[in-house]
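Subject: Structure for you to look through

Dear colleague,

I am handing over the structure we spoke about, and I would be glad if you could read through it with my notes beside you. Please open it first, and then follow the description below.

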Amino acid sequence: MNFLKNLHKKIKHIIIIIGIFMSFPLFFPCELNAAPYIRYKTCYGEKYVYLSDLASFYGMTLTKRHDGCEIRNKNSAFSFTFEKRTGLYNGVKIHYLYASCIVGSEPLISEKDYKFIIDPLVRGPKQPRGKVIKTIVIDPGHGGKDDGAEAEGNKEKNLVFIIAKKLRDKLRAKGFNVYLTREKDVFIDLDNRPAKAKTYKADIFISIHCNAAADKQVKGLETFCLTPEGAPSTSDKNSKSSAFQGNKFNKENICLAYLVQRCVLGNTGAADRGIKHARFAVIKGAPCPAVLIETGFLTNAREGKNLAWSKYQDGIADGIAEGISYYARLH
Ligand SMILES: [Zn+2]
């Protein structure tokens, strides 16, 4: 009998030990997600990460070429050019915060690019799951005494107002609540525009502009989101800054910028000038995810004509509405 009792005890012990071992694989992946194994190195005075470590963390493959590299899985592909800030994300041009580099045979990117661009685009923004994106505030740039850009008799303030109204109607048709920061040709201070997003409890703020350049050949579409704190804007190499209200939404901002840029490109066939970062007043004060879209150059003969053409304006508005709908479905 004693022998049987001991046997029972032994079996109990073995079952407990097996149970503990079996539970490890359940904990282990979570731990791995919380703190992936990533090596760091200082380059250009900034903290950089090894791209091969990021690739294995995301289950991506890293492919090198002579002047750059790519990481890719079935949903996401990022390309980098060494010593440059430009690259591609799923075929859309992206301006990274810092240049990528290669040390020995190992490509590296900045930790801020990993944290504020790569991670949210691969894994989506981490807003509370189930958040409903319902209210959109559209900001037609300029107005009143401020014409914005002007070429061939086309004023930016008028064109962006037409596009904004088309966008409003398309978003309403999709079931969103939509407000404009201005309902007519009136001047509004820059700071008062994101303030309206707060008044209307917006879930998304989108500012619409047209571009101008001294070089009449310059054309194309660009979408800006707020530069993350401590990083330089696209037009800058060194400028750094502390956080603004809009920086609470760094991860959401980049996802929204990508979806809007991709969908408007798809609907217009415009040249791709990429996703950029800036600290524009209207987006830095936003109380919700926000982007500013430069829909094209009035100073380019063909693009200027397009921007004044109703069908093309519809293409822009359809693209923005589609991007917002995709974004809403991420939650
Ligand atoms: Zn403008």
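Before the details, one definition is needed: helices here are DSSP runs of type H or I with at least four residues, and they are numbered from the N terminus. With that in mind, helix α2 is followed by Gly-59, a residue whose phi is positive, near 65°. Please keep in mind throughout that this is a predicted model.

Helix α2 itself spans residues 51-58 and is mostly covered, since 6 of its 8 residues are buried. The buried residues of α2 are Leu-51, Asp-53, Leu-54, Ala-55, Phe-57 and Tyr-58.

To set this helix in the whole chain, the secondary structure comes to 9 helices and 17 strands. The chain has 331 residues, and buried residues make up 50% of them. Among the contacts in the chain with a separation of 6 or more, 69% are accounted for by residues 24 or more positions apart.

The metal site

Which residues coordinate the zinc ion? The zinc ion is coordinated by His-142 through NE2, by Glu-156 through OE and by His-209 through ND1, at 2.0 to 2.2 Å. Along the chain, the donors follow the spacing H-x13-E-x52-H. Glu-156 lies in helix α4 (residues 156-173) and His-209 in strand β14, so this pair ties together parts of the chain that are 53 residues apart in sequence. Both Glu-156 and His-209 are buried.

His-209 is found in strand β14, which covers residues 204-211, and it counts as buried because its relative accessibility is 11%, where buried means under 20%. Its side chain is joined to the side chain of His-142 by a polar contact of 3.2 Å. Leaving aside neighbours within four places in sequence, the residues in contact with His-209 include Gly-141, Val-160, Leu-292 and Glu-294, as well as Thr-295.

Thr-295 takes us to another strand, namely β17 (residues 290-297). Thr-295 is buried, with a relative accessible area of 1%, and a polar atom of its side chain lies 2.8 Å from the backbone oxygen of His-209. Not counting residues up to four places away in sequence, Thr-295 also touches Ile-163, Ile-208, Cys-210 and Ile-316, among others.

Two helices that cross

The next feature is a pair of helices, and two packed helices are described by the angle between their axes and the distance between the axes. For helix α6 (residues 250-268) and helix α9 (residues 310-329), the axes come within 7 Å and cross at roughly 145°. The crossing of α6 and α9 is right-handed. Among the residues that meet there are Leu-256, Leu-259 and Cys-263 in α6, and Ile-316, Ile-320 and Tyr-327 in α9. The residues of this contact divide into 12 nonpolar, 5 polar and 4 charged.

Not counting residues up to four places away in sequence, Ser-325 touches Lys-174 and Phe-176. From C-alpha to C-alpha, Ser-325 and Leu-259 are 9.2 Å apart in space, while in sequence they are 66 residues apart.

Tyr-44, in the loop between β1 (40-43) and β2 (46-50), has a positive phi near 45°, and it is exposed, with a relative accessible area of 52%. Glu-152, in the loop between β11 (150-151) and β12 (154-155), has a positive phi of about 50° although it is not a glycine, and it is exposed as well, with a relative accessible area of 76%.

Finally, Asn-192 is found in helix α5 (residues 192-199), and because its relative accessibility is 40%, Asn-192 counts as partly exposed. Its C-alpha atom is separated by 9.8 Å from that of Ala-281, although Asn-192 and Ala-281 are 89 residues apart along the chain.

With best wishes

Methods: Residues numbered from 1 in each chain as written. Predicted model: local features only at pLDDT ≥ 70, side-chain atom pairs only at ≥ 80, totals over all residues. Heavy atoms only, no water. Helix = DSSP H or I, 4+ residues; strand = E, 2+ residues; numbered from the N terminus. Buried < 20%, exposed > 50% of the residue type's maximum accessible area, 1.4 Å probe, protein only. Polar contact = N/O pair within 3.5 Å; in protein donor to acceptor, adjacent residues only side chain to side chain. Contact = heavy atoms within 4.5 Å. Donors = N, O, S within 2.8 Å, 3.2 Å for Na, K, Ca; no water. Axes fitted to C-alpha atoms, helices over the stretch in contact; angles between N-to-C directions. Left-handed = near helix turned anticlockwise from the far one by under 90°. Nonpolar A, V, L, I, M, F, W, Y, C, P; charged D, E, K, R; others polar.
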